[in-house]
Amino acid sequence: MNMIVCCKQVIDPEAPPASFKVDSSTNKVVPPPGVPPVISPFDEQAIEAALRIKDAKGGKVTALSLGTKLLRDVVKKPLSMGADELVLLEDDAFADGDSWSTAYALAMAIKKIGDYDIIFCGRQAADWDTGQVGSGIAEILGIPSLTLAKKIEVGDGKARVERLTADGYEVVEVNLPALITVTNELGEARYPTIKGIMAAKRKEPVVWKPADIGADTAKIGTAGRRTKVIKLFQPVIESKCEIIGGDNPEDVAAKLVLKLREAKII
Amino acid sequence: MSDYKGVMIYGEVTEGKLSSIAKELLGCGRKIASDLGQQLSAVLVGSGVGGLAQETIASGADKVYIVDNPLLKDYQTETYVPVMEKVVKQVMPQVVLLGQTTIGRDLAPRLSFRLGTAATMDCVALAIDPASKRLLQTKPVFGGNAQAIFTYDSDPQIATVRAKVMSPMEPDASRKGEVITIDASLDPSTIKTKVLQQVKEEVTGIKLEDAAVIVSGGRGIGGAEGFKQLAELAEVLKGAVGASRPACDSGWMPETAQVGLTGKIVTPNFYLAVGISGSSQHLAGCSNAKTIVAINKDPEANIFKAARYGIVGDWKQVLPAFTKKVKELLAK
Ligand SMILES: Cc1cc2nc3c(=O)[nH]c(=O)nc-3n(C[C@H](O)[C@H](O)[C@H](O)COP(=O)(O)OP(=O)(O)OC[C@H]3O[C@@H](n4cnc5c(N)ncnc54)[C@H](O)[C@@H]3O)c2cc1C
């Protein structure tokens, strides 16, 4: 099994909400000071999905990241978890793309890597939360896509995927090659091992520029965007919380019940 | 570009019924269509869906396109994308709206790539720009910490819409509309996927999406045992039990109970958040509740920013006392 996993470096989505700031003059997010970026959590779980298949059936896992200012400590995490190779699409020309320019560049890189049975992505990136790049890559490559997978088993040139539905899940069989996006219900991603961290330190990523993947520069980064962000803003949450105090839990509970009754909530 | 006209909604059918999100889309599509001075159409795809056309018209559609075929019994990317591609190319709507559901999340991106246009996912507001007549699409980003307004120049403009943010129309059975059948034109030999099994998580009692009261627990609950106490209170209040993602990931609650950006969007009258810190991703699923009440031992917890009332304290002491008082009150 040859597997390619797309991993995005993002602003830590679990950073305290109070640290989140937007620069409204540029419509961009100001990275919170002192909080390092991370691999988008669903992408880490996509790595986990690939590693589970590798553990069971053998194979090769290549992590693929696109961006600028990619911190080696961050983007090497898949290697320290057990991935075999790391390919970076790192160039200013790739910067500030949208789902279309990103899917195009990743698909071009995947074509260059060439040999694959499964391409994994996270269900959505934890920054723009769109969840379109995976389906886009599959469409460009002309292969089937299955989204929101929580379990994947492979055999006989097929994958059997448990995919979330509104009220449970469904089991779908797909002929490989295919693209699969992974949801958190898959379970936690493994921690890097000491051995893995050492191996990742020694391993140098392969870095490709647009020309290396034969990308049309009009289709990548800002130039390749189809969508425009005309405004980025922080919605105002009115904080008018009334904290209910009292001498003991019974007292507090009684006061709350009274308030809720007065307000006709219960 | 000017060849594209009208607004189309994708009418999701669940268990043989027109889904609530479909009615919400009809409600919001109606407004957009009238702002554009154009018609609103709906497309129903599935097996045995033709009978829903009249209800779809009553809920706001001027035209209903029906694609009915046994091969379309279950949603599959491999069959629904080509069907929607065919419908859109035939009808040429300027705007296509879908629900941000497990189906819409899958269908909209692949369809937009196939059609060579773009899509905006999980919109919470849609409006026509008076000057350009283009669709302004507002969507929460960065887990709900911010919102972005998107536009683009290609047609059709595709957007998925978050559940429960748009209001359905009052159904009007006397409304008249046109019903048009479109052939699916599917070749079974080209379908590379097969649905082997559908598994439904059994929910006892009230569904989260329909509940007027939700008692929700987070990592602070500490285990499945604690959720029994939440369930007891929920029962007294005739509500349902929800959970944050860590509580589901830890197996304390089934994954279908997850509230938030990647779980359920809920709009109860009363949302009690117990041992939940109030991350932006969690609030994305519950911030439209009428009243949020939080019990948390950390006075700085972000949940108090969204709450109307708060109790700072250990839930293990506060909750049993609260349940007792509620029981006393309701027994009166
Ligand atoms: C892309 C993305 C999507 C996500 N989607 C979702 C989603 O859909 N839904 C979701 O919920 N999360 C989601 N998350 C996770 C989210 O970021 C938070 O990690 C999560 O919501 C935190 O859950 P929590 O509040 O239960 O846990 P914590 O943040 O750990 O908070 C636990 C709280 O319990 C309190 N507490 C502890 N003990 C007690 C006690 N004895 N009494 C009272 N209070 C106590 C603590 O003070 C704390 O505030 C998502 C994350 C990402 C990155």
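**Exercise 1. Find which backbone atoms of chain B meet nitrogen atoms of the ligand, and work out whether the site belongs to one chain or is shared.**

Step 1. Start at Trp315(B): one of its backbone N or O atoms sits 3.0 Å from a ligand nitrogen, a polar contact (a pair of N or O atoms within 3.5 Å). Lys297(B) does likewise, with a backbone N or O atom 3.1 Å from a nitrogen of the ligand.

Step 2. On its own it has 990 Å² of accessible area (Shrake-Rupley, 1.4 Å probe), and the protein covers 90% of that.

Step 3. Look at the neighbours, meaning residues with a heavy atom within 4 Å. There are 29, and those coming nearest are Glu14(A), Arg219(B), Ser244(B), Ser277(B) and Asn296(B). Chains A and B both contribute residues around the ligand, so the site is shared between chains.

A quick note: this is a predicted model, where local features need pLDDT of at least 70, side-chain atom pairs need 80 or more, and totals for chains, interfaces and linings use all residues. Residues count from 1 along each chain as written, chains are lettered from A and ligands numbered from 1 in written order, and side-chain values use heavy atoms, leaving out hydrogens and water.

**Exercise 2. Describe the interface of chains A and B, and find a salt bridge in it.**

Step 1. Contact (heavy atoms within 4.5 Å) takes in 79 residues of chain A and 75 of chain B.

Step 2. The buried area (accessible area, 1.4 Å probe, lost on putting two parts together, summed over both) is about 7000 Å², with carbon and sulfur atoms giving 59%.

Step 3. Count the salt bridges (side-chain nitrogen of Lys or Arg within 4 Å of a carboxyl oxygen of Asp or Glu): you get 6 between chains A and B. Glu139(A) and Arg110(B) form a salt bridge, 2.7 Å from N to O.

Notes: Polar contact = N/O pair within 3.5 Å; in protein donor to acceptor, adjacent residues only side chain to side chain.
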